[in-house]
Amino acid sequence: MSQADRKRWEAKYAAGNPNLAFAPDPLLVRHAALLTGGGWALDVACGVGQNAMYLAKRGYEVVAVDGSLTGLRYGRAALAETGLPVHLVAADLDRFVFARDKFAVVIVFRFLARDLFSSLKKTVIPGGLIIYETFNVNRLTSSPQMTRSYLLEPGELAGMFADFDTIETNDTPENRSELSHWIGRRPL
């Protein structure tokens, strides 16, 4: 993560918590039946930690990693009274070392670093679940100032996980949404 990106995220969170209700992402909630609990979960680019808290409530011990100290402070404050097993980690994701075959669930929401795909695929255990959702190039219609390299091309996410077992994806050329998602499992 570049210094400019880090500053941008710090500024975003310094303006206030964008998720005051700590509501989990709707895609995660919609697929709650896949989240059977037990084992470790990883939330990459966790922001204020709302999705990590949701996973902990579903029975996982969660490592939640983000580059924004301000965002993590919101998460720490919310977690202080819950006793949920969420371990917040401040780290530059470009340098973060992912443990191999560690996590039963890996989630990534609204973050794209193509260099991390190989590490994400190796950190999930065989049979483990990955849920990934981020913006695609359709986002340029409503936000033309966005940097295209931070946006998925059609089919790119599904292609990155072509060697995994797909449960659901909307990452196709026909997708007109600004978000693309892919959900699947690492083969046994």
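Me: In this predicted model, which rings count as an aromatic pair, and how many aromatic pairs does a search of the whole structure find?
Reply: Rings of Phe, Tyr and Trp, the last by its six-membered ring, pair if their centres lie within 6.5 Å. The model searched is a predicted one. Across the whole structure, the number of aromatic pairs found is seven.

Me: Are the rings of Phe161 and Phe164 stacked or edge-to-face?
Reply: The ring centres of Phe161 and Phe164 are 5.7 Å apart, and their planes meet at 70 degrees. Planes over 60 degrees apart count as edge-to-face. The pair of Phe161 and Phe164 is therefore edge-to-face.

Me: Are the rings of Phe161 and Trp182 stacked or edge-to-face?
Reply: For Phe161 and Trp182, the centres lie 4.4 Å apart and the planes are at 15 degrees. Planes under 30 degrees apart count as stacked. The pair of Phe161 and Trp182 is therefore stacked.

Me: How many residues apart are Phe161 and Trp182?
Reply: Phe161 lies in the loop between α7 (156-160) and β6 (165-169). Trp182 belongs to strand β7 (residues 179-185). This pair links distant parts of the chain, its members being 21 residues apart.

Me: Is Trp182 buried or exposed?
Reply: The relative accessible area of Trp182 is 0%. Residues under 20% count as buried. Trp182 is therefore buried.

Me: Which residues do ring pairs link into a cluster?
Reply: Phe161 pairs with Phe164 and with Trp182. Ring pairs link these residues into a cluster whose members are Phe117, Tyr132, Phe161, Phe164 and Trp182.

Me: How far apart are the closest N and O atoms of Asp25 and Arg110?
Reply: Side chains of opposite charge can pair when their charged atoms come close. Asp25 and Arg110 form a salt bridge. Its closest N and O atoms are apart by 2.8 Å.

Me: Which residues do salt bridges that share partners join into one network?
Reply: Arg110 forms a salt bridge with Asp25, and the side chains of Arg110 and Glu133 also meet in a salt bridge, at 3.4 Å from N to O. Arg148 forms a salt bridge with Glu153. The salt bridges that share partners join into one network Asp25, Arg110 and Glu133.

Me: Over the ring of which residue does the charged end of Lys102 sit?
Reply: The charged end of Arg139 sits over the ring of Phe135. The charged end of Lys102 is 4.2 Å from the centre of the ring over which it sits, that of Trp40.

Conventions
Residues numbered from 1 in each chain as written. Predicted model: local features only at pLDDT ≥ 70, side-chain atom pairs only at ≥ 80, totals over all residues. Heavy atoms only, no water. Salt bridge = Lys/Arg side-chain N within 4 Å of Asp/Glu carboxyl O. Helix = DSSP H or I, 4+ residues; strand = E, 2+ residues; numbered from the N terminus. Buried < 20%, exposed > 50% of the residue type's maximum accessible area, 1.4 Å probe, protein only. Lys NZ or Arg CZ within 6 Å of the ring centre and 35° of its normal.
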